[in-house]
Amino acid sequence: MKIPIIKIQVRQENFDLNDEIRALTANRTDVGAVVSFTGICRDENHTLSALEIEHYPGMAQAEILRIAEIACSRWPLGGMVAIHRYGKILPGENIVLVVAASKHRQAAFDGANFLMDFLKTRAPFWKKEFFADGSKGEWVSAKDDDDGALVKWNQPEP
Amino acid sequence: MNMKLVYFSWIRERVGFSEEEVNLPSDVKTVADLFDWLRGRGEEFEGFLQQPDIIRVALDHVHADGREASLSGIKEIALFPPMTGG
């Protein structure tokens with residue numbers, strides 16, 4: 001494939017999945033597979049009023065780019081998109097988008113999964129919860145599962 | 001050496017500000033040295049450094065490679081808790 005096209009954005013505005021896929025695949029015919037992941041602000045118990053996402057402006061985009069470049073060196077990817085929002089996010093709104101494009105499906109699945117796993121534990125973002133009853137928000141704790149998810153990427157390829 | 005320290009999330013809230021310029025003594029050479037130096041600056045620092053294992057450090061926007069990572073030539077040091085993006 002050609003040199004992979006990597007687009008990384010850290011921004012307040014929402015994104016549109018279809019627009020991103022269209023831009024990634026426009027004017028080329030070497031892509032046979034596109035995998036996307038969208039992370040959405042969840043509120044199962046109707047207790048959350050909003051998330052406030054803090055980020056490290058100097059580092060967030062650079063760190064996601066480093067992860068995307070590793071993904072592109074590890075799998076034959078034609079392109080990757082990652083968009084992470086910051087600021088106030090309401091339940092049901094988008095938080096993060098990852099798109100991976102490749103010739104065949106497995107590289108696209110793996111590349112998107114890898115980027116998302118490492119983004120969760122290495123990209124400098126922090127979520128604070130604000131509750132519907134007006135009570136003071138708490139910072140979300142990191143999950144051990146997220147660290148555990150990285151272990152599989154150190155295993156030899158099956 | 002003059003250095004910018006930046007803080008995020010609940011560490012920023014404990015410290016009470018998001019960034020500061022500091023003049024580090026010449027014997028502060030590593031991340032571990034920095035933690036020791038910060039502990040002596042007051043209880044707001046001592047507080048969060050009681051759990052040093054969960055403090056993440058970035059040197060000039062790159063994750064530090066362990067507590068023995070060198071601060072030589074670094075302009076900006078960030079301290080923050082485990083990340084919760086995505």
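Tutor: Before we read any sheet, note that two strands are said to pair if DSSP finds at least two bridges between them, and that helices (H or I, at least four residues) and strands (E, at least two) are DSSP runs numbered from the N terminus. This is a predicted model, in which local features need pLDDT of at least 70 and side-chain atom pairs count only at pLDDT 80 or more, while totals for chains, interfaces and linings use all residues. Residues are numbered from 1 along each chain as its sequence is written, with chains lettered from A and ligands numbered from 1 in the order in which they are written.

Student: Which residue in S2(B) is the bridge partner of B:Leu5?

Tutor: The partner is B:Glu20, and strand S1 (residues 2–7) of chain B is joined to S2(B) by 5 bridges, the two strands running antiparallel.

Student: What is the order of the strands in the open sheet of chain B?

Tutor: The order is S2-S1-S5-S3-S4, an open sheet of 5 strands with mixed pairing. Strand S2 (19–23) and strand S4 (62–63) of chain B are at the edges and have a single partner strand each, so one side of each lacks a neighbour in the sheet.

Student: How many helices and strands does chain A have?

Tutor: Chain A has 4 helices and 7 strands, which follow one another along the sequence as β-α-β-β-α-β-β-β-α-β-α.

Student: At what angle do the axes of H2(A) and H3(A) cross?

Tutor: Axes are lines fitted to C-alpha atoms, for helices over the stretch in contact, and angles run from 0 to 180 degrees between N-to-C directions. Here the axes of helix H2 (residues 60–74) of chain A and H3(A) cross at roughly 150 degrees and come within 9 Å. That makes H2(A) roughly antiparallel to H3(A), a term for angles over 145 degrees.

Student: How many residues of chain A are in contact with chain B?

Tutor: Two residues are in contact if their C-beta atoms, placed from the backbone, lie within 7 Å; by that rule, 22 residues of chain A are in contact with 14 residues of chain B. Strand S3 (48–55), helix H3 (105–122) and strand S7 (125–131) of chain A each supply at least two residues of the side of chain A that touches chain B, and H3(A) gives the most, with 5 residues.

Student: What are the dimensions of the box that the C-alpha atoms of chain A fill?

Tutor: Taken along the principal axes, the box is roughly 50 × 35 × 30 Å.

How values were computed
Parallel < 35°, antiparallel > 145°, perpendicular 65-115°, else oblique.
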